[in-house]
Amino acid sequence: MPNAHASTAAVHFPQRAALGRLLLACMLVALSAGGGVLGAAELSSEARGQVDATIDAFLKEYRVPGLSAAIVVDGQLVYEHGYGLADIENQVPATPLTMYRLASISKMFTATAAMQLAEQGKLDLAAPIQKYVPSFPEKQGTITAELLLKHQSGIRHYRGDEVRSVVFYNRVGDSLGIFQDDALLFAPGEKFSYTTYGYNLLGTAIEGASGEEYVAYVQKHILEPCGIESMRADNPNLIIPHRAAGYRLHGTGASAELRNDFMVDVTNKIPGGGWCGPPGDLARFAIALMDGRLVETATLERMWTPQATTTGKQTDCGLGCFISDSDGQRRISHSGGQPKVSTFLVFCPEEKTAVALMCNLRDTNLKSLANQLMDQVAQPVGATP
């Protein structure tokens, strides 16, 4: 909770301000039951028990050290909970406050920013991207913001060990040098090919269209309207309170050994995979989207419609998200995976139900767990509560 005197106190008494923040965090955890936080609306004790049992079984089966979860029902954040350990070496429990890298869920922020600017007439989704990023080289076809949004630009994804980059990039546009001189994989619009680097270019276009630095734009126009305070662009050089340690399994099967994961610097892909925060903030973002607080309803429908290629091939990709169906429920989702983390966000706009999961084990398939939890807490379409 913000303190009206925090800024003044921080100037003259930085130690006292830091202590106050620590005490507040401890109070939030202490008030939670077993590391959980309940909202004004709550899951029933039976539903909480079912959720806990499902997650506990998943952690045991897949050897996940720590996981934090947030659940939205009827448009309200009703449950936040931490399971296991955020840091094994120091025996730090995972809590609702634990900070994980969002990985590719970050693309949903970038897509929302682009669509806000499109609504305002500042970003023409059909214009050549050089209109907003003049330094980007001309290619053998026209790349547009819309093609970037739906992963049809032809820009490549990672190559070699690029996913393990330890290079610090001070600005979003600086990371374009990684790929901008490479040939496209195909003519823009011809195929779907998932690309994080394409979202780097989109993030730079957002700067050109808005006149604001990308991170500042997202904080002001997306995070603040959602009531999100702890989400931030990741920087491995800075102290980030409640940051989870990250792990990987070395080897295969039951004999695989749990190890610390590789150190990486994600400033090479902030718009495509460089934000960090707790799952509760992802849940707040989903609520704001479903409520129409970030972009208009017509824009949401455009974002949440599966896109076809110029050859007529249908994809399951919308604009910055993926779309699926479960027994008549439309589900919007995005996964995330990179060294140290696995993440998943899924929500049903019609039912205003969502599940956000973040764990500190790389290569963990959280999609199945998230959809299982959605099945447990969501009402079937047309059902009477």
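Biologist: Which residues of H4 and H6 meet?

Modeller: This is a predicted model. In it, Lys-107, Thr-110, Ala-111, Ala-113, Ala-114 and Leu-117 are the H4 side of the contact. The H6 side is Thr-196, Tyr-199, Leu-202, Gly-203, Ile-206, Ala-209 and Ser-210. The contact divides into eight nonpolar residues, four polar and one charged.

Biologist: What is the geometry of the packing of H4 and H6?

Modeller: Helix H4 covers residues 106-119 and helix H6 covers residues 196-210. They pack at an angle of about 35°, with the axes 10 Å apart. The crossing is left-handed.

Biologist: Stay in helix H4, where Gln-116 is found. Why is Gln-116 called buried?

Modeller: Its relative accessible area is 6%. Buried means under 20%, so Gln-116 qualifies.

Biologist: What makes the pair Gln-116 and Tyr-217 a polar contact?

Modeller: Their side chains are joined at 2.8 Å. The limit for such a pair of N or O atoms is 3.5 Å. Tyr-217 is also on the list of residues that Gln-116 touches, with His-221, Ile-222, Leu-294 and Val-295. That list leaves out residues up to four places away in sequence.

Biologist: Now Glu-207, which lies in helix H6. Why does Glu-207 count as buried?

Modeller: The relative accessibility of Glu-207 is 11%. The cut-off is under 20%, so Glu-207 counts as buried.

Biologist: Which residues is Glu-207 in contact with?

Modeller: Leaving aside neighbours within four places in sequence, Glu-207 contacts Arg-171, Val-172, Glu-212, Glu-213 and Tyr-214.

Biologist: Move to Thr-305, in the loop between helix H10 (297-303) and strand E10 (322-326). Why is Thr-305 called partly exposed?

Modeller: Thr-305 has a relative accessible area of 36%. Buried needs under 20% and exposed needs over 50%.

Biologist: What does the side chain of Thr-305 reach?

Modeller: The backbone oxygen of Glu-301, at 2.5 Å. Beyond four places in sequence, Thr-305 touches Cys-317, Gly-318 and Ile-323. Its C-alpha atom is separated by 8.8 Å from that of Phe-322, 17 residues apart along the chain.

Biologist: Let's turn to strands. How do you know that E7 and E8 pair?

Modeller: Pairing takes at least two bridges. Strand E7 (residues 247-250) and strand E8 (residues 257-260) are joined by four, and run antiparallel. In E8, Arg-259 is the bridge partner of Arg-248. The hairpin has six residues between the strands, and Gly-251 takes a positive phi near 105°.

Biologist: What is the strand order in the open sheet?

Modeller: Three strands, in the order E5-E9-E6, with antiparallel pairing.

Biologist: Why are E5 and E6 edge strands?

Modeller: Strand E5 (100-101) and strand E6 (232-233) each have a single partner strand, so one side of each has no neighbour in the sheet.

Biologist: How do you know that E5 pairs with E9?

Modeller: Two bridges join E5 to strand E9 (residues 275-277). At least two are required. Arg-101 stands opposite Cys-276 in E9.

Biologist: Last, helix H11 (residues 367-377). Which of its residues are buried, and what covers them?

Modeller: Leu-369, Ala-370, Asn-371, Leu-373, Met-374 and Val-377 are buried. Their cover includes helix H3 (45-62) and strands E2 (66-73), E11 (329-338), E12 (341-348) and E13 (353-359).

Notes. Residues numbered from 1 in each chain as written. Predicted model: local features only at pLDDT ≥ 70, side-chain atom pairs only at ≥ 80, totals over all residues. Heavy atoms only, no water. Buried < 20%, exposed > 50% of the residue type's maximum accessible area, 1.4 Å probe, protein only. Contact = heavy atoms within 4.5 Å. Axes fitted to C-alpha atoms, helices over the stretch in contact; angles between N-to-C directions. Left-handed = near helix turned anticlockwise from the far one by under 90°. Nonpolar A, V, L, I, M, F, W, Y, C, P; charged D, E, K, R; others polar. Polar contact = N/O pair within 3.5 Å; in protein donor to acceptor, adjacent residues only side chain to side chain.
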